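Reader: I'm new to this and I'd like to know where the labels come from. Can you take me through them slowly?

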Amino acid sequence: MRNDLTQEELKRQLSYDPQTGLFTRLVANASNVRIGDIAGTDDGSGYTRIRVHKIIYPAHRLAFLYMTGEWPEHDVDHINGARTDNRWVNLRSATRSENLQNLRGAKSNSK
């Protein structure tokens, strides 16, 4: 994933509400996008993806950049396991191993 987007440019394009986890558009970057629109779409696997300058980013990674000024070194984990819950209190930097500990058992797992 490209990590050349800066916090400054992200904040020029989008506003992030850490209480709700939602991003809203500050710039109308397409004919079907208005200032104030909620940014992002579900990618089919439950994660929200947001397009910034023709590049699609996971919203949870954008939230990390927005709040800290840096791209996360590792994964960004949804603490409660809800992939759509991008509130700042629900996100943490985690190694892949730490992130995988949150996986729920498979439906076929009866234990």
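Reader: What makes E4 and E5 a pair of strands?

Author: Strands here are DSSP runs of E, at least two residues long, numbered from the N terminus. E4 covers residues 48-52 and E5 residues 55-58, and they are joined in the antiparallel sense by 4 bridges. Pairing takes at least two bridges found by DSSP, so with 4 bridges E4 and E5 pair. For Arg49, the bridge partner in E5 is Pro58.

By the way, this is a predicted model: local features need pLDDT of at least 70, side-chain atom pairs count only at pLDDT 80 or more, and totals for chains, interfaces and linings use all residues. Residues are numbered from 1 along each chain as its sequence is written, and side-chain values use heavy atoms, with hydrogens and water left out.

Reader: What sits between E4 and E5 in the hairpin?

Author: There are 2 residues between them. His53 has a positive phi near 50 degrees without being a glycine; Lys54, not a glycine either, has a positive phi of about 65 degrees.

Reader: Why is His53 called partly exposed?

Author: Buried means under 20% relative accessible area, exposed means over 50%, and partly exposed is in between (1.4 Å probe, protein chains only). His53 is at 44%, so it counts as partly exposed.

Reader: And why is Lys54 called exposed?

Author: Lys54 has 75% relative accessibility, which is why it counts as exposed.
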